[in-house]
Each structure stands twice: as C-alpha cells, then as structure tokens.
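Here is a briefing on one protein chain. Have the sequence and the 3D view open as you read.

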Amino acid sequence: MHRSLSPVENIFRSVTLLALISVSVAVVSAYHLLVPPPPPWIAPSRYARKVNPVEFNGASITAGKTVYEAQCIACHGKKGYGDGVRSAELNPRPRNLAIPEMWLETDGDIYYKIGKGRSPMPSFKKIISFQQNWQVINYLRTLSPKPSVLGYRFDIGQEYRDAI
C-alpha cells in the first residue's frame with residue numbers, strides 16, 4: 001500500500017519536475033542557438049536564368065511526380081513538406097517544397113540544385129535525365145501555392161545572383 005505524500009513532498013516533486021523541464025528546454029534552445037543554420041543556397045546566375053524547356057502540362061507533371069516519388073519522397077515527403085521517412089535523420093532537414101517562397105526560385109535555380117546537390121542531398125545529375133529534372137520542377141510547382149494568389153509580394157535581388 002502506498003502512503004500519501006505530504007504537502008511538502010508534493011511541492012518538492014513539482015519543483016523538481018519543473019526544474020527538469022526547464023533544463024531540457026534550455027539545452028534544446030542552446031543547441032539551436034549554437035548550431036547555425038546552413039548558409040543560403042543561391043544558384044549561379046547562369047543557371048538562374050535557364051528557362052524550363054519542358055512544357056508545363058499534365059503529362060510532364062505526371063512524369064515529374066513519378067520521378068519525385070522514386071527519388072525525392074523519402075526525404076521531402078509525399079506533399080513536399082520536408083517530412084519524409086528519412087528526414088529526421090538528416091542534418092539539415094530537407095527543405096519544405098510546398099511553401100509560397102518556392103516561387104522566389106526560378107526553374108533554373110531548382111534545376112541547378114537538383115543537379116548539384118548539397119549535403120545531405122545528393123547530386124541527381126547522374127541519377128535522373130535532363131528531361132526528368134525539368135519534369136520534377138514542373139511537378140514541384142504544383143506543390144506550392146503561387147504567392148500572388150495569397151497576396152504575397154517578393155522582390156528578388158538580382159545583385160546577389162550576379163555576385164556568384
């Protein structure tokens with residue numbers, strides 16, 4: 001049979017629990033402050049200016065989705081949220097591809113990043129074809145709402161691209 005705790009023991013338990021929670025929160029916060037986010041990933045301007053040669057239509061979107069499901073879904077997730085089954089083990093975590101800010105990126109930017117890769121994302125230059133890369137980009141465009149629909153306005157600074 002358990003004896004009931006005295007009021008002092010209850011207070012001690014509560015304070016101890018609160019202290020453990022506070023220390024845990026402090027450790028997690030310190031980690032996020034000490035580990036800087038990765039630097040911005042900006043494609044060289046010669047790539048940023050590339051225009052997608054694959055027509056944006058149902059066939060190219062379907063083909064891009066097939067490649068995405070075979071090559072990207074494990075990390076970026078089914079809807080592109082960066083929540084794939086492998087995402088938790090990756091540092092940095094995969095990017096959320098379903099946000100309006102994706103429209104800040106030109107098709108050429110995305111083409112470069114898929115082809116080049118950046119740890120932990122591998123280069124797909126030798127894994128998928130030229131055509132498949134552009135088809136994946138067409139599919140990715142269906143995952144994120146256009147900023148104009150949501151009332152966003154983005155100004156892209158060309159000076160940053162030209163510096164690369």
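Asp107 and Arg141 form a salt bridge through their side chains, with N and O 2.8 Å apart. Asp107 sits in helix α5 and Arg141 in helix α6, so the pair ties together parts that are 34 residues apart in sequence. Note that this is a predicted model.

**Salt bridges**

- Arg141 is buried, because its relative accessibility is 9%, under the 20% limit.
- The salt bridges in the model number 5.
- Lys113 and Glu105 form one of these through their side chains, at 2.8 Å from N to O.
- Lys113 counts as buried at 9% relative accessibility, and Glu105 counts as buried at 11%.
- Arg95, Glu105 and Lys113 belong to one network, joined by salt bridges that share partners.
- Lys65 pairs with Glu69, and here the closest N and O atoms are 4.0 Å apart.
- Why can Lys65 and Glu69 be separated by about one helical turn? They are 4 residues apart in helix α3.
- An α-helix has 3.6 residues a turn, so residues three or four places apart point the same way.
- Lys65 is partly exposed, with a relative accessible area of 36%. Glu69 is also partly exposed, at 41%.

- Helix α5 covers residues 107-116. Is it mostly covered or mostly open? It is mostly covered, with 8 of its 10 residues buried.
- The buried residues of α5 are Gly108, Asp109, Ile110, Tyr111, Tyr112, Lys113, Ile114 and Gly115.
- Just after α5 comes Gly117, which has a positive phi of about 75 degrees.
- Ile110 of α5 has contacts beyond four places in sequence with Met102, Glu105, Ile137, Leu140 and Arg141.

- Asn133 lies in helix α6, which spans residues 130-143.
- Is Asn133 buried or exposed? Asn133 is buried, because its relative accessibility of 5% falls under 20%.
- The Asn133 side chain reaches the backbone oxygen of Tyr111 at 3.4 Å.
- Neighbours within four places aside, Asn133 is in contact with Tyr111, Ile114, Gly115 and Ile128.
- Tyr111, Ile114 and Gly115 are themselves buried residues of α5.

- Lys50 is in the loop between α2 (45-48) and α3 (58-71).
- Lys50 is partly exposed, because its relative accessible area of 36% lies between the 20% and 50% limits.
- Which residues does Lys50 contact beyond four places in sequence? They are Gly108, Tyr111 and Trp134.
- Lys50 and Gly108 are 58 residues apart along the chain, yet their C-alpha atoms are separated by 4.6 Å.
- Tyr111 is also a contact of Asn133.

**Nonpolar core**

- The largest nonpolar core holds 19 residues.
- Tyr68, Ile110, Ile114, Ile137 and Leu140 have the most contacts inside this core.
- Helices α3, α5 and α6 are the elements that give two or more residues to the core.
- Which element gives the most? It is α6, with 6 residues.

**Packing of α3 on α6**

- The axes of α3 and α6 are 7 Å apart and meet at an angle of about 100 degrees.
- α3 and α6 are therefore roughly perpendicular, since angles of 65 to 115 degrees count as such.
- On the α3 side, the contact is made by Ser60, Ile61, Ala63, Gly64, Lys65, Val67 and Tyr68.
- On the α6 side, Gln132, Gln135, Val136, Asn138, Tyr139, Leu140 and Thr142 take part.
- Lys65 is in this contact and also in the salt bridge with Glu69.
- Tyr68 and Leu140 take part in the α3–α6 contact, and both are listed among the core residues with the most contacts.

**Whole chain**

- The protein chain has 8 helices and 0 strands.
- Of its 164 residues, 30% are buried.
- Among contacts between residues at least 6 apart in sequence, 63% join residues at least 24 apart.

Conventions:
Residues numbered from 1 in each chain as written. Predicted model: local features only at pLDDT ≥ 70, side-chain atom pairs only at ≥ 80, totals over all residues. Heavy atoms only, no water. Buried < 20%, exposed > 50% of the residue type's maximum accessible area, 1.4 Å probe, protein only. Polar contact = N/O pair within 3.5 Å; in protein donor to acceptor, adjacent residues only side chain to side chain. Contact = heavy atoms within 4.5 Å. Core = buried A, V, L, I, M, F, W, Y, C linked by side-chain atoms within 4.5 Å. Axes fitted to C-alpha atoms, helices over the stretch in contact; angles between N-to-C directions. Parallel < 35°, antiparallel > 145°, perpendicular 65-115°, else oblique.
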